[in-house]
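Subject: Handover of a structure and notes on its contents

Dear colleague,

Please find below the structure that I am handing over to you.

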Amino acid sequence: MEKTISVNLKIWRQRGPKEKGQFVNYHLDNVSTDSSFLEMLDMLNQQLVENNQEPVVFDSDCREGICGMCSLYINGHPHGPVQGITTCQLHMRKFNDGDTITIEPWRSAAFPVIRDLMVNRNAFDQIQQAGGYVSFNCGGAQDANNIPISKEVADVAMDSATCIGCGACVAACKNGSAMLFVSAKVSQFALLPQGQVERKRRARAMVKKMDELGFGNCTNTGACAAECPKNIPLSNIARLNREFIKAKFAE
Amino acid sequence: MANLSNLEGMIDSSPIMKDFADIESSKLPEYQIDSKIPEGPIAEKWTNYKAHQKLVNPANKRNLDIIVVGTGLAGASAASTLGELGFNVKNFCIQDSPRRAHSIAAQGGINAAKNYQNDGDSVYRLFYDTVKGGDFRSREANVYRLAEVSNNIIDQCVQQGVPFAREYGGLLANRSFGGAQVSRTFYAKGQTGQQLLLGAYASLNRQIQKGTVKSYNRREMMDIVMIDGRARGIIVRNLVTGEIERYAAHAVVLATGGYGRAFFLSTNAMGCNGSAAVQAFKKGAYLANLAFTQIHPTCIPVHGEDQSKLTLMSESLRNDGRIWVPKKKEDAEAIRAGQKKPTDIPDEDRDFYLERRYPAFGNLCPRDIASRAAKERCDAGYGVGTGNAVYLDFKYAIERLGEDVVRDRYGNLFDMYQMISDDNPYKTPMMIFPASHYTMGGIWVDYELQTSIKGLFAIGECNFSDHGANRLGASALMQGLADGYFVLPYTMQNYLSDQIKVPHFTTDTPEFDEAEKGVRERIEKLMAIKGTKSPDEIHKRLGHVMWNLVGMGRTLQGLVKATEEIEEVRKEFYSDLRIVGSADDLNTELEKALRLEDFLVIAKMMAIDALNRNESCGAHFREEYQTADGEAARNDEEYMYVSCWKYTGENEKPILLKEPLKYEAIKVQTRNYKS
């Protein structure tokens, strides 16, 4: 049943990538516990607009946990304190009346702040452009059932392919490593027959680009997988390491 | 304007339509529509077209520029495929990455006529089901072509590494969707749209790496630039810096999705908008069949006024879930008052109303029918929850298959439901209610997917072409990818073949100057209002008008009232809008205001289109036109046409043009899902 709570918000505000940011405190009453976290921020922005103040800028689009657009470090956790969901799927019933909630952007050298809670994740696109595909032109594919793929393999590939590219793994990592993100894509193709021809080239190219872009190294702390909203497992990183070493030896 | 009190008892809008639009001009010869359907029997039209169309040789492709606006299934597949062919492509999206376009949220699946299940499927049957599902208001030749290329799409996606669901033997798995009696839907868990979009995004990335496609993120199209009567460029607003930028090309492709957020609350993403359609409309492109908007039957019900969007529960759930409300009104009342739980109602007191009314298709009848049936039960007082909800129950599936099988099939959807509603659907039935989901109407295109403006193409949901008055489940993904991978890359060459001598365009022309000036003036005008209401507040008000009067059940009186109320919202917008911040900077409020301004144009056209159509067909249900048992009563004699609307100026009445629909390969009949 619906009830309402009051919350105190401590939100990071920053005009631009080069400018100094600071925490600003806000108070919000009558937040329905059935509302989502982002609907609560919409309420705050409505209140700010009513007072002729600029709203807090944050990314969000699908609001059902699949587009990967939303981010936010909430009370020290990427996508908030509940495991296995994105910020847009977090509901206010997970908070108590009178709580103070701290909201920060992703903090990583590779994801500069654009404004307030919005960051630039172009680096992820660049890693994908370096090799996250099977090279063939539209029109040349054979019949889809010509190559059987075992259900188990297809299911594991699907689990890796579930990555939404939100960047929580990088934000969670003390080194700012993108290994979970890269390993999920490399794994998907390493598992499937269609990805075999370019398997080695892909692993080398994507890791090289990742290193170039200023992501940190992996020290196996596992924070990425623990905070991943899609529960992408660490076994992907193990697979990427094997793929990369094999590819290196083959050089 | 018509006087509401004079409309008492009137059901045919024809006598008053002149107040809303120029209806008579549709007979003039200059307004006759050429849909460019190729000659020949239906199964040979596309083959004939391809055999005789003009091509562009590889050396010349390099010299031709194409702008693609949008990176969803249609936009990304078109941009990557045109890049593979060798054209120079510029690809735009409003999100921070092409991978985030709203196609990503499609859950259930994609149809194809593979007949892997040996259950009697064929290209013809997929074509037939789609035309019938669209209630005989789609263009036959386009739909046949769609069914024809459906199989290529599955081959293409598997080669890309899309991890479709598979059987233990290693072959592809299928499931059923509404409006079909075969299992032809391919899927990747409940994330089919995500996987197909990531496939297209991967192909796009390959072209970006090769340099054939240049990707422009966080940019929103503000206008189309016309040079000598052809679309030759666009003006965009850089959403990060607020700068106005110019881009030129030999052709422009719109792949900008649907206008379902005219209802404010919908299953669409926050950024989904109809602005590209309005910009095209104002430049002379026709908007078609705008009244055909799909209200999806299985969404999580509204929780309150602060809600920003609605979440869909995939139609695939209707494979195994049974939809019901209490048979007795007192049970429904007790449930609404919190005195009874759904699990307290014995089977014999449950009304499985879809199975009762439509025995042949049962819970898998098409979306428009399932939505209306839910509304009918709730309006009659049998709704649960707030009164606007029905149950979708998995008790029977769990008894039959076991909880593990159900979890394997729908686990992520169940989790999503539990997160939002705080109820466990393994233990208690889900509550669902219809919500705005998809728009069948959109920018009018011919067989080549070209709009009525030369050089301007529209693909995917933003065009009107394939779904008629109602889209079947798992057909949106099919259409987006068909247009982008297999249709536009051919028809585009037919258009560009005589453009090979036209050099790359500069943006330093009077036409670009004028277009940019127009955009700047428009933005300044909105910034200068300095009222008191945020764009969202006004958008919510528009949404209420649209949902109540232009939603699932429409009447002549209601639609006239809607046009008046939309006008009032419009007045409020232009007099009381507040945009904080400045225009030449990142400004999310300005983005919302600009989109809302365009929704006001579309909303009015939706109401006028619905008013013009004195019949019920597919998702367009005019309450005055129904059969004795509450089914849609179509009027083929007078309305078997595509209603195309031509812009004539701000505050001027639009002109109605008609594209007659002819069915040669299929017998027109009353849609029947009962037997």
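Predicted model: local features only at pLDDT ≥ 70, side-chain atom pairs only at ≥ 80, totals over all residues.

Residues are numbered from 1 along each chain as its sequence is written, chains are lettered from A and ligands numbered from 1 in the order in which they are written, and side-chain values use heavy atoms, with hydrogens and water left out.

The interface of chain A and chain B

The size of an interface is often given as the accessible area lost when the parts come together. Here chain A and chain B bury about 6400 Å² between them, and 51% of that lies on carbon and sulfur atoms; buried area is the accessible area (1.4 Å probe) that two parts lose on being put together, summed over both. In terms of contact (heavy atoms within 4.5 Å), 73 residues of chain A meet 73 residues of chain B.

Eight salt bridges cross this interface, a salt bridge being a side-chain nitrogen of Lys or Arg within 4 Å of a carboxyl oxygen of Asp or Glu. A salt bridge joins the side chains of A:Asp159 and B:Lys189, at 3.1 Å from N to O.

On the side of chain A that touches chain B, at least two residues each come from helix H1 (37–50), strand S6 (113–115), strand S7 (118–119), helix H2 (122–129), helix H3 (151–161) and helix H5 (179–191) of chain A. Helices (H or I, at least four residues) and strands (E, at least two) are DSSP runs, numbered from the N terminus. H3(A) gives the most to this side, with seven residues.

Salt bridges within the chains

Over all chains, the count comes to 78 salt bridges. In one of them A:Arg13 pairs with A:Asp116, the closest N and O atoms being 3.0 Å apart. This pair links distant parts of the chain, 103 residues apart: A:Arg13 is in strand S1 (residues 4–13) of chain A, and A:Asp116 is in the loop between S6 and S7 of chain A. A:Arg13 is buried at a relative accessible area of 17%, and A:Asp116 is buried at 3%. Buried means under 20% relative accessible area, exposed over 50%, and partly exposed in between (1.4 Å probe, protein chains only).

A:Arg63 and A:Asp42 also meet through their side chains in a salt bridge (2.7 Å, N to O). A:Arg63 belongs to the loop between H1 and strand S3 (73–74) of chain A, and A:Asp42 to helix H1 of chain A, 21 residues apart. Both A:Arg63 and A:Asp42 are buried.

Two residues of chain B

B:Arg184 lies in the loop between helix H5 (140–160) and strand S4 (185–186) of chain B, and it is buried, with 3% relative accessibility. Its side chain makes a polar contact of 2.9 Å with the side chain of B:Asp121 and another of 3.0 Å with that of B:Asp129.

B:His504 is in the loop between helix H13 (476–496) and helix H14 (510–527) of chain B. B:His504 is partly exposed, at a relative accessible area of 44%. The side chains of B:His504 and B:Asp65 form a polar contact of 2.6 Å.

Cysteines

How many disulfides does the structure hold over all chains? The count is zero, a disulfide being a pair of cysteine sulfur atoms within 2.5 Å. For A:Cys67, the nearest cysteine sulfur is that of A:Cys62, 3.7 Å away. A:Cys67 is buried, with a relative accessible area of 3%. The sulfur of B:Cys378 is 13 Å from the closest cysteine sulfur, in B:Cys299, which is too far for a bond.

With kind regards

Terms used:
Polar contact = N/O pair within 3.5 Å; in protein donor to acceptor, adjacent residues only side chain to side chain.
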